[in-house]
Amino acid sequence: MRGCMRRRLRAPPPVPAMSERLGKPTCLLVASAAAAGVSAQSFLQCFTLSSSAFNLQVATPGGKSIDFVDVNESNMRWIQDFRMKSYANPAKLESIDGARYHALLIPNCPGAMTDLANSGYLAKILQHFCTENKPICAVGHGVAALCCATNEDKTWVFQGYSLTGPSVYELIRQPNFASLPIIVEDFVKDSGATFSASKPDAVHVVLDRHLVTGQNENSTLPAVQNLLILCNVR
């Protein structure tokens, strides 16, 4: 009788957890390692919402730690707890094989305009994702990261797509507007794609084929929700 009870108590717990983990698709969360950093709130929302549906891998250029910006009372505790986790140490973007991932997620990263927008390694990953029509989601300044993906003939991988990102009206409020390395709205239009934006700080998300873009930090949650829908994750 005791032996039967032991079997009943021991058997159930590990099996669902393991099968659930193995059954989850993988998502690459790419963040900037530049001094301008990564939005704490957007990263928090991206990570918490997507981690319930994906096995996440965080990656940055050089595997450098993330500098979070706009940390406040509502997200400070979460950021502190996150930094203590083993999975908080980013992988090197340079060593990432895009074929291993089902989805790609880039949160609002002001630093993306400096490093990710010029990353040849991220460009290869994005080219693979476009060829395979794998879901991509970029939010706010993270949309600038998509600008690195040019073909050999200098055409943009996302030519002909419709997308959004920070509008000029949102960017012009920044003190360093005159020295920004890239203006997403101008790049998108000059590269043969369609750009749309709502009022500054308004929630605005564009879905075109396998690409989801969010205009700003406030658009993070609905953008990631659309990514989950694309991946048929319920």
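Which residue forms a salt bridge with Asp81, and how far apart are the closest N and O atoms? The partner is Arg77, and the closest N and O atoms sit 3.5 Å apart. A salt bridge here is a side-chain nitrogen of Lys or Arg within 4 Å of a carboxyl oxygen of Asp or Glu. The model is predicted, so to speak of a local feature takes a pLDDT of at least 70 and side-chain atom pairs count only at pLDDT 80 or more, while totals for chains, interfaces and linings use all residues. Residues are numbered from 1 along each chain as its sequence is written, and side-chain values use heavy atoms, with hydrogens and water left out.

The chain has eight helices and eleven strands; these are DSSP runs numbered from the N terminus, helices being H or I with at least four residues and strands E with at least two. Of its 234 residues, 48% count as buried. Buried means under 20% relative accessible area, exposed means over 50%, and partly exposed is what lies in between (1.4 Å probe, protein chains only). As for contacts, meaning heavy atoms within 4.5 Å, those between residues at least 6 apart in sequence join residues at least 24 apart in 76% of cases.

Back to the salt bridges: the structure holds four. Asp81 and Arg77 are four residues apart in helix 4, which means a separation of about one helical turn. Arg77 is exposed, at 59% relative accessible area, whereas Asp81 is partly exposed, at 36%. Another bridge joins Lys189 to Glu185, with the closest N and O atoms 2.9 Å apart. These two also lie four residues apart, in helix 7 (residues 184–190), and are therefore separated by about one helical turn. Lys189 counts as partly exposed at 44% relative accessibility, but Glu185 counts as buried at 14%. The side chains of Asp208 and Arg209 meet in a salt bridge as well, at 3.0 Å from N to O. Asp208 is buried, with a relative accessibility of 15%.

Helix 4 (residues 76–84) also packs against helix 3 (residues 40–51), at an angle of about 60° and with the axes 10 Å apart. Axes are lines fitted to C-alpha atoms, for helices over the stretch in contact, and angles run from 0 to 180 degrees between N-to-C directions. The crossing of the pair is left-handed, a label used if the near helix is turned anticlockwise from the far one by less than a right angle (clockwise would be right-handed). On the helix 3 side, Ala40, Phe43, Leu44, Phe47 and Thr48 do the touching, and they meet Trp78, Ile79 and Phe82 of helix 4. By class, this contact has seven nonpolar residues, one polar and no charged ones. Nonpolar covers Ala, Val, Leu, Ile, Met, Phe, Trp, Tyr, Cys and Pro; charged covers Asp, Glu, Lys and Arg; the others, Gly among them, are polar.

What about the cysteines? With a disulfide taken as a pair of cysteine sulfur atoms within 2.5 Å, the count comes to zero. For Cys27, the nearest cysteine sulfur is that of Cys231, 7.1 Å away. Cys27 is buried, at 0% relative accessibility. For Cys109, the nearest cysteine sulfur belongs to Cys46, at 8.2 Å, and Cys109 is likewise buried, at 0%.

Finally, Ser119 sits in the loop between strand 6 (103–106) and helix 5 (120–131). Ser119 is buried, at 10% relative accessibility, and touches Leu93 and Cys148, leaving aside residues up to four places away in sequence.
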